[in-house]
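Here is a friendly walk through a structure that you can follow on screen. Have the sequence and the view side by side as you read.

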Amino acid sequence: MQYKSQAVAKPYFIAAIGLFVGQILFGLILGLQYVWGDFMFPEIPFNVARMVHTNLLIVWLLFGFMGAAYYLVPEESERELYAPWLAHAMFWIFLVAGALTILGYLMVPYAKLAEMTHNELLPTMGREFLEQPTITKLGIVVVALAFLFNVGMTVLKGRKTVVTLVLLLGLAGLAVLFLFSFYNPDNVVKDKYYWWWVVHLWVEGVWELILGSILAFVLIKTTGVDREVIEKWLYVIIAMTLITGIIGTGHHYYWIGTPEYWQWWGSIFSALEPIPFFMMTVFAFNMVNRRRRNHPNKAAVLWALGTAVMAFLGAGVWGFLHTLSPVNYYTHGTQITAAHGHMAFYGAYVMINLTMISYAMPMLRGRTAANSERSQVLEMWSFWLMTVSIVFITLFLTGAGILQVWLQRFSENPQGFMVVQEKIALFYWLREIAGVVFLIGLGTYVASFFVGAKEPEALPEGAAASA
Amino acid sequence: MSQTVVIAPAPGRYPPGDLAIWIFILAELLVFAVFFAAYAFARAGDVALFDEYQHTLDRRAALVNTLALITSSYFVVRATAAIREGSARDCARWLAGAIGLGALFLVVKSLEYAHHLEAGVHLGTNTFYMFYLSLTFFHFMHVLMGMVILGAVALKARRGGYSATEHTGVETGGVYWHMVDLVWLILFPLVYVMR
């Protein structure tokens with residue numbers, strides 16, 4: 001760790017991992033509720049569990065992004081963070097606000113929560129993923145602004161690199177687009193139209209910039225390849241991301257009351273959204289192959305390569321599967337969407353956060369570059385357990401989705417929703433088993449922080465003999 | 001101006017310019033290719049409609065624009081040739097000429113758009129106009145982008161940022177501009193002429 005203030009990243013990473021565990025536990029509850037309808041009812045109904053599962057995901061990813069920025073920006077800018085105390089304060093505000101919100105979801109009925117938080121003053125509740133009470137949303141805006149100010153001032157006062165500029169662009173976009181969560185029109189078409197400006201333009205727009213810059217940073221650090229080369233790739237990747245992703249929003253505008261041309265625009269541009277992800281894969285492997293040194297943190301390099309591959313598969317390939325409007329006509333809102341959602345979020349955003357945590361955490365905990373051999377072996381086990389199980393979750397949900405589309409929408413005698421759900425229950429059971437394996441992987445991941453902590457650091461490959 | 005332009009062999013590498021721009025160009029061409037294919041697919045479904053509304057386009061204006069872009073590409077070639085001989089001032093001048101022709105393209109295209117807007121045409125009018133407006137506007141934005149790139153290159157050239165031995169930037173900007181030109185050379189016959 002080169003700068004003292006990078007240490008503020010540590011609590012952010014720890015909170016991220018803690019919330020990640022919570023997210024997966026609720027995922028397992030949900031998965032079971034698919035096949036055992038009244039499991040935990042009435043304490044935790046399906047809609048509440050789903051809200052907690054998705055909200056925890058978003059919040060922990062945001063914690064991870066913020067931690068990543070606090071770690072990476074001082075090092076790139078070659079100076080201490082502008083105001084470390086502000087970062088600490090925001091951490092506690094965000095954590096407490098987040099925890100209270102989740103508790104609110106769990107303890108009181110949603111309508112009651114709306115009443116308690118005076119949603120009527122500025123109604124923003126009740127929309128998927130943006131369920132947070134208005135007061136929480138305002139808190140998110142305050143935290144985001146303070147965070148941007150802190151990081152922005154550090155960049156402005158220090159060395160400016162392409163990595164930090166792209167990261168700032170992504171983070172600023174994240175904050176600005178979130179403002180659309182306060183726009184809650186009565187018109188249902190407009191409602192959905194602008195809702196996607198938060199949801200789609202986050203994950204298929206500005207978050208990709210954040211992903212690209214973090215990946216670039218970790219690759220610069222671990223491979224020793226010239227910054228110039230890596231930055232050039234980053235430019236090309238973000239240009240393609242924006243060209244395809246922005247108009248690609250159109251793939252959410254089929255048959256929802258928007259003009260027909262969105263079917264063409266959405267289909268054409270979003271069909272090309274895999275390109276930047278494909279470039280990212282080629283980029284990551286290229287850089288690792290051209291590496292100038294072997295980094296002792298093999299786990300971090302594995303996560304980085306894994307991100308590139310899984311993001312392409314989950315976001316790129318599984319997104320393409322149902323992005324063309326004639327296909328989406330049948331697949332809209334089926335388990336195909338769930339399959340895509342799981343692998344894309346894991347492959348792109350979970351993995352980039354784990355990449356950064358894997359790279360930075362050893363230094364934050366006092367190591368010079370990497371954890372001990374034993375700890376890394378365990379971490380790599382967790383990589384494979386979680387990655388392989390998410391592949392299976394995706395495949396089982398895809399199977400369920402294909403059957404669902406066929407039985408419920410495509411065949412000559414379409415059957416009712418619940419009839420079909422009964423018929424595809426086997427896939428849900430298999431998905432739940434894969435989910436349990438994922439939880440075991442996550443447990444292994446957490447354990448890797450404690451195992452071998454007192455053993456000496458791992459050496460880079462090829463250095464063992466000389467050491 | 002001599003009659004034959006002798007272009008000194010580029011010192012060093014193939015392809016000329018930065019490799020990253022070629023990857024970017026391939027990706028961009030893929031976007032346009034998909035767009036063209038979608039056009040062809042949609043047209044096959046309703047040839048009569050496409051033929052009918054193709055008549056309302058101003059082919060003379062498009063021809064002027066075609067000539068403007070081809071000439072501008074020639075100017076970019078001259079700019080590259082100039083810098084290879086070490087003449088940064090000539091390079092910047094040729095680039096300025098190319099940017100001027102790009103501006104002409106934008107003016108003519110804007111007049112066409114104004115004409116259509118006046119007639120009440122918009123994206124939702126029909127499938128043909130949807131494609132016409134989307135494709136040409138997407139290309140329009142690329143011309144604008146190309147002009148910005150050429151502008152940056154021209155400024156750097158004037159400040160002496162390139163030499164006969166190191167002028168990757170000129171080639172990089174140049175190949176991007178040729179791509180913009182190339183796309184129009186497909187777009188023009190496809191949307192304005194072919195039936």
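Leaving aside residues up to four places away in sequence, B:Cys91 touches B:Ala79, B:Ala82, B:Ile83, B:Ala157, B:Tyr162 and B:Val170. Please keep in mind that this is a predicted model.

The largest nonpolar core has 184 residues, and B:Cys91 and B:Leu95 touch the most other members of it. The element that gives the most to this core is in chain A: helix H2 (residues 46-77) contributes 19 residues. As background, nonpolar side chains in soluble globular proteins tend to be buried together.

Another residue of chain B to look at is B:Phe140, which lies in helix H5 (residues 127-158) of chain B. Not counting residues up to four places away in sequence, B:Phe140 touches B:Leu106 and B:Lys109. B:Trp184 is 44 residues from B:Phe140 along the chain, and their C-alpha atoms are separated by 9.6 Å.

Chain A has 16 helices and zero strands, while chain B has six helices and zero strands. Read along the sequence, the pattern of chain B is α-α-α-α-α-α. Here are some overall values for each chain.

| Chain | Property | Value |
|---|---|---|
| Chain A | span of the C-alpha trace along its principal axes | about 70 × 45 × 45 Å |
| Chain B | span of the C-alpha trace along its principal axes | about 55 × 30 × 30 Å |
| Chain A | residues that count as buried | 51% of 467 residues |
| Chain B | residues that count as buried | 34% of 195 residues |

For chain A, the radius of gyration is 22 Å, which agrees with the value near 23 Å that a compact globule of 467 residues would have. What share of the contacts in chain A with a separation of 6 or more comes from residues 24 or more positions apart? That share is 81%. In chain B, among contacts between residues at least 6 apart in sequence, 82% join residues at least 24 apart.

Within chain A, one helix pair is worth a visit. Helix H7 (residues 188-223) and helix H13 (residues 335-364) of chain A pack at an angle of about 30°, and their axes are 10 Å apart. The crossing of H7(A) past H13(A) is left-handed. From H7(A), the residues that meet H13(A) include A:Trp207, A:Leu211, A:Ile214 and A:Lys221. Among their counterparts in H13(A) are A:Ala348, A:Tyr349, A:Ile352 and A:Met356. Sorted by class, this contact of H7(A) with H13(A) has ten nonpolar, two polar and one charged residues.

Finally, turn to the place where the chains meet. Here 15 residues of chain A are in contact with 13 residues of chain B. On the side of chain A that touches chain B, helix H8 (227-248) and helix H9 (261-271) of chain A each supply at least two residues. The largest share of that side comes from H8(A), with six residues. By class, the side of chain A that touches chain B has 13 nonpolar, no polar and two charged residues.

Technical notes:
Residues are numbered from 1 along each chain as its sequence is written. Chains are lettered from A and ligands numbered from 1 in the order in which they are written. This is a predicted model: local features need pLDDT of at least 70, side-chain atom pairs count only at pLDDT 80 or more; totals for chains, interfaces and linings use all residues. Helices (H or I, at least four residues) and strands (E, at least two) are DSSP runs, numbered from the N terminus. The radius of gyration is taken over C-alpha atoms; the globule rule is 2.2 Å times the number of residues to the power 0.38. A residue is buried if 20 or more other C-beta atoms lie within 10 Å of its own, exposed if 12 or fewer, and partly exposed in between; C-beta atoms are placed from the backbone. Two residues are in contact if their C-beta atoms, placed from the backbone, lie within 7 Å. Ala, Val, Leu, Ile, Met, Phe, Trp, Tyr, Cys and Pro count as nonpolar, Asp, Glu, Lys and Arg as charged, and the others, Gly among them, as polar. A nonpolar core is a set of buried Ala, Val, Leu, Ile, Met, Phe, Trp, Tyr and Cys residues joined through C-beta atoms within 7 Å. Axes are lines fitted to C-alpha atoms, for helices over the stretch in contact, and angles run from 0 to 180 degrees between N-to-C directions. A crossing is left-handed if the near helix is turned anticlockwise from the far one by less than a right angle, and right-handed if clockwise.
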